[in-house]
Structure formats: structure tokens, C-alpha cells
Amino acid sequence: MAEKFAWTSEYETGIDEIDRQHRDLFKKFDNFSIAIYNGEGKNQLKELMAFIDSYINNHFKEEEELLSLNNYPDIYKHLEYHKKFTSIFGIFKKEFEKRGGDTYMALQLEKEIRGWWKNHILTVDKLYVPYITIKTKKNALPDDME
Ligand SMILES: [Fe+2]
């Protein structure tokens, strides 16, 4: 059985919305690992690619807004990591569009993309946690503006 992308407390940032989004991603990859194990990886590729695509748009955008709202000093470094991921994923996307998915691609995607996220959350996302005091835009508004 492929390694499970198990969620443990070490991945928690303590920021509810970010943790919820990260957990969604883990779950998606767990299902994908199971699909690969059952010989269905190739069939699930299209859906996973579409999921990651929209995940990048929503999750990166929200996280970046949060960092900006909190004046995170290393925001530009963090944005670079997100850009790097987008370009790694872009290579997969191009490949997928060109020759369609196969089992090998499913395995590569699982390994590389999952690995990237584990590492990113544990070593890069964790760095901003102490700087996040304002967690949502709504919270940033004074009481009488809500
Ligand atoms: Fe991030």
C-alpha cells in the first residue's frame, strides 16, 4: 500500500482555515494513493489535476492575503515558493495535456507533489505562524464595522 498522507498534529498551523485547506489536500492525496493501489491512478489523474489547479488558486491566494494582512516580513520568499510549486505543477499539466495521463505519471505526481506539500507545510508555512495575529479579514475590522 502506498504511504498514507496521514494528518498529524505536527502539520497544524493553528490557523483554522489554513489547516482545513491543508487537511482537504491530504485527504485528496490519500484517496489518490488508494486509487493508485487499486490500479485506478490513471483514471483519477484528471480529477486530481483539476483539484490541484483550483487548490493553487484558492489556497495560495488566501494564504498570501493572510501574510500580507499581517505584514509578514518574509512574504516575498514565501511567494517564491508558491511560484515554484505552480511551475512544477505546470510541467505536469503540460505533459498531461500533451500525452494524457498514465500510471507512471500518477506515481510521479503522487510522489513529487505530495512530497512538496509535506515539506512546504512543515518547513515554510510553519515560519509564518508566529506572525499571524490577524486571522481573517473580518477579524481585522473594528467591531462597529461588522
Ligand atoms: Fe504556503
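Predicted model: local features only at pLDDT ≥ 70, side-chain atom pairs only at ≥ 80, totals over all residues.

Student: What does the C-alpha trace span along its principal axes?
Tutor: About 55 × 30 × 30 Å.

Student: And what share of the residues counts as buried?
Tutor: 17% of the 146 residues in the chain. As for contacts with a separation of 6 or more, 75% of them come from residues 24 or more positions apart.

Student: Let's switch to helix 1 and helix 2. At what angle do they pack?
Tutor: About 170°, with the axes 11 Å apart. Helix 1 covers residues 16-37 and helix 2 covers residues 41-69. Angles over 145 degrees count as roughly antiparallel, so that is how helix 1 and helix 2 run relative to each other.

Student: Which residues make the contact?
Tutor: From helix 1, Glu17, Ile18, Gln21, Leu25, Lys28, Phe32, Ala35 and Ile36. Helix 2 brings in Gly41, Gln44, Leu48, Phe51, Tyr55, His59, Glu62 and Glu63.

Student: How do those divide into nonpolar, polar and charged?
Tutor: Eight nonpolar, four polar and four charged in the contact of helix 1 with helix 2.

Student: Now Glu65: where is it found?
Tutor: Glu65 sits in helix 2.

Student: Is Glu65 buried or exposed, and why?
Tutor: Exposed, because Glu65 has 12 other C-beta atoms within 10 Å, and 12 or fewer counts as exposed.

Student: How are the C-alpha atoms of Glu65 and Leu45 placed?
Tutor: They are separated by 30 Å, with the two residues 20 apart along the chain.

Terms used:
Residues numbered from 1 in each chain as written. Axes fitted to C-alpha atoms, helices over the stretch in contact; angles between N-to-C directions. Helix = DSSP H or I, 4+ residues; strand = E, 2+ residues; numbered from the N terminus. Parallel < 35°, antiparallel > 145°, perpendicular 65-115°, else oblique. Contact = placed C-beta atoms within 7 Å. Nonpolar A, V, L, I, M, F, W, Y, C, P; charged D, E, K, R; others polar. Buried ≥ 20, exposed ≤ 12 C-beta atoms within 10 Å, placed from the backbone.
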